[in-house]
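I opened this model to see how its chain is put together. My notes follow in the order I looked things up.

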Amino acid sequence: MNDEPEVRPAHFPREYGARGGEGDEPLPWEEVEARLCDALNYWITTVTPSGVPHARPVDGVWVQGALCFGGSDDTRWVRNLQTNPAMSVHLPSGDDVVVLEGTVEYVTDPEDPRASASSDATRKKYPQYFSSDDPVPFQPF
């Protein structure tokens with residue numbers, strides 16, 4: 001993320017009843033980032049060219065203030081993002097809720113500073129995917 005994030009509490013309609021309690025205030029950004037770093041995976045929602053929502057879990061890493069993940073051009077969600085970069089991300093827990101909304105940046109340059117950082121973080125977070133010390137193949141997004 002290049003811009004300072006906007007942290008907003010959830011809005012609950014009046015007919016849902018009186019609110020009050022620990023979950024009503026937005027988390028400090030440092031805690032949001034800690035949860036994003038600690039998450040094993042992330043649910044992403046993209047939009048098909050015909051406007052249909054498309055949700056999928058993906059592996060990824062939170063580095064340098066951004067969620068970094070990669071995927072094959074053969075997947076629906078990657079094709080959706082190539083057509084429309086709008087995306088929503090949330091953590092798997094329905095109790096400890098963190099939701100991000102924004103646009104993706106399709107990074108294709110392996111020299112981009114995020115490429116090296118995300119490769120290193122991916123190897124550390126998902127060692128089960130690697131059988132040697134070969135570098136992580138560069139995966140954009």
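What share of the contacts in the protein chain with a separation of 6 or more comes from residues 24 or more positions apart? I looked it up: the share is 54%. A contact here means heavy atoms within 4.5 Å.

**Ground rules.** This is a predicted model, where local features need pLDDT of at least 70, side-chain atom pairs count only at pLDDT 80 or more, and totals for chains, interfaces and linings use all residues. Residues are numbered from 1 along each chain as its sequence is written, and side-chain values use heavy atoms, with hydrogens and water left out.

**Overview.** I found three helices and six strands in the protein chain. Helices (H or I, at least four residues) and strands (E, at least two) are DSSP runs, numbered from the N terminus. Along the sequence they follow the pattern α-β-β-β-β-α-β-β-α. The protein chain has 141 residues, and 28% of them count as buried. Buried means under 20% relative accessible area, exposed means over 50%, and partly exposed is in between (1.4 Å probe, protein chains only).

**Core.** Next I looked up the largest nonpolar core, which has 19 residues. Such a core is a set of buried Ala, Val, Leu, Ile, Met, Phe, Trp, Tyr and Cys residues joined through side-chain atoms within 4.5 Å. Leu-36, Tyr-42, Trp-62, Phe-69, Trp-77, Met-87 and Val-89 touch the most other members. Two or more residues each come from α1 (29-38), β1 (42-47), α2 (76-83) and β5 (86-90).

**Strand pairing.** Two strands pair if DSSP finds at least two bridges between them. β1 and β5 are antiparallel, with three bridges. Ile-44 has Val-89 of β5 as its bridge partner. β5 also pairs antiparallel with β6 (residues 99-103), over five bridges. There, His-90 is partnered with Val-99 of β6. β1 and β2 (residues 53-58) run antiparallel and share six bridges. The hairpin of β1 and β2 has five residues between the strands, and Gly-51 takes a positive phi near 95 degrees.

**His-54.** I checked this one in strand β2. Is His-54 buried or exposed? His-54 is buried, because its relative accessible area is 13%. Among the residues it touches, beyond four places away in sequence, are Ile-44, Arg-76, Trp-77 and Asn-80.

**Helix α3.** This helix (residues 113-125) has 13 residues and reaches 18 Å from first C-alpha to last. That is close to the expected 18 Å, which is 1.5 Å times one less than the number of residues. Its buried residues are Ala-115, Ser-118, Ser-119 and Thr-122. They cover an arc of only 105 degrees, so they lie on the same side of α3. The arc is that of the directions from the helix axis to the C-beta atoms. An α-helix has 3.6 residues a turn, so residues three or four places apart point the same way. The buried residues of α3 pack against β3 (61-63) and β4 (66-68). On the face turned away I found the exposed residues Pro-113, Asp-120 and Lys-124.

**Cysteines.** How many disulfides are there? The count is zero, where a disulfide is a pair of cysteine sulfur atoms within 2.5 Å. Cys-37 is partly exposed at 39% relative accessible area, and Cys-68 is buried at 10%.
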